[in-house]
Amino acid sequence: MSFKCLLLTKGDKGTVAAWTDLTEADLMDGDVTVRVSHSTLNYKDGLAITGKAPVVRRWPMIPGIDFAGVVTATSNPSYKVGDAVVLNGWGVGETHLGGYAQVARVKGEWLVPLPAAFTPARAMAIGTAGYTAMLCVLALEHNGITPDRGPVLVTGAAGGVGSVAVALLAKIGYTVIASTGRAAEADYLKGLGASEIIDRAELSGPARPMAKERWAGAVDAVGSHTLANAISMTKYGGCVAACGLAQGMDLPSSVAPFILRGVTLAGVDSVMAPRAKRLEAWSRLAHDLDVARLDAVTVTRPVTDAVALAPEILAGHVRGRVVFEIG
Ligand code: NDP
């Protein structure tokens, strides 16, 4: 049986993206085959499609680091035909053929059951961005950051990770300070539950080793000077969950906040996160994410828009979450 997919190949002038027909025989090894109904647009998908960073490490590649769909064939005893499933990460869309396709074949241990609280479309509205936002919230909680300790900063707030982090933190009782470069999105961020909006320019220049204490915790999707400033303004005993690099991969910081204020820097990785952590994150999302707020940050597009939207997400022009419908 043939199916449609977006295929990335390496051309003389860089990555070439083209809609192609493949057959199931072209798929890679795995014990579960899934009819994909939805995927999403992530920053990493933008990097893969444009070739702006070496995200793809197997050619040709189908991009799409996450998907939701229904099992159509399985030799894995944990799944049966008809089960609704979600996949995030594990190198899918990087080293293993990904989600921008009508069919995917993966290892069953990579999948999680679709939580009963969500449709496949809503699971992809959350997507890897929202699941990562939840992992960041869990990291703050694990490090003792409770709402009574003080506000929590979210950087890159109008992006995918940021929007879901704002909504989640507000719903579970934190006072949220949202940092954005898009002043026009202030009402959007307040609608998600942010109490205060700050201009990202306040955080994007070189950081002092330690500055006035402003927040008990932070969810940082931006890295570089922004992360350094977030750390330098974290209160005594606070925690910063670092998950992204939209400004840069560097961290021009100092040890001062760690050794003089006992600040914790918690690294958050969604790609190789163990299954137990994934199940915990999806279960908390089902409990703690306000679906109306999620819908407010989500737009739905045909997956054929992926190539046009890839440079847009890298330029920071995409607001909230994009769900791709796979026809
Ligand atoms: P988005 O592009 O949706 O969001 C990123 C946001 O960062 C933008 O919307 C913008 O927010 C802000 N931003 C962009 N460029 C800059 C800049 N130069 N300086 C400061 N802020 C900037 O991407 P995602 O939310 O999908 O991903 C965010 C980051 O998290 C990415 O780096 C991604 O690779 C990473 N990530 C990591 C994961 C992990 O497992 N660790 C999983 C998922 C994502 P605003 O306009 O509000 O300022």
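1. The ligand has 23 residues around it, the closest being Val161, Thr180, Gly181, Arg182 and Ser270 (a residue is near a molecule if one of its heavy atoms lies within 4 Å of it). A word on the basis: this is a predicted model, where local features need pLDDT of at least 70, side-chain atom pairs count only at pLDDT 80 or more, and totals for chains, interfaces and linings use all residues. Numbering starts from 1 along each chain as its sequence is written, and side-chain values use heavy atoms, leaving out hydrogens and water.

2. A polar side-chain atom of Ser270 sits 2.7 Å from a ligand oxygen, and one of Arg200 sits 2.8 Å from a ligand oxygen. Val161 instead uses a backbone N or O atom, at 2.7 Å. The protein covers 89% of the 920 Å² of accessible area that the ligand has on its own (Shrake-Rupley method, 1.4 Å probe).

3. Now to helix H7, residues 275-288 (helices are DSSP runs of H or I, at least four residues, numbered from the N terminus). Its buried residues are Arg278, Ala281, Trp282, Arg284, Leu285 and Asp288; they line one face, because they fall within an arc of 160 degrees seen down the axis (directions from the helix axis to the C-beta atoms). Ala276 and His287, on the other side, are exposed (buried is under 20% relative accessible area, exposed over 50%, with a 1.4 Å probe and protein chains only).

4. Helix H9 (residues 306-314) buries Ala306, Leu309, Ala310 and Ile313. Gly316, which follows H9, has a positive phi near 75 degrees.

Methods:
Helix = DSSP H or I, 4+ residues; strand = E, 2+ residues; numbered from the N terminus. Expected span 1.5 Å × (residues − 1). Polar contact = N/O pair within 3.5 Å; in protein donor to acceptor, adjacent residues only side chain to side chain.
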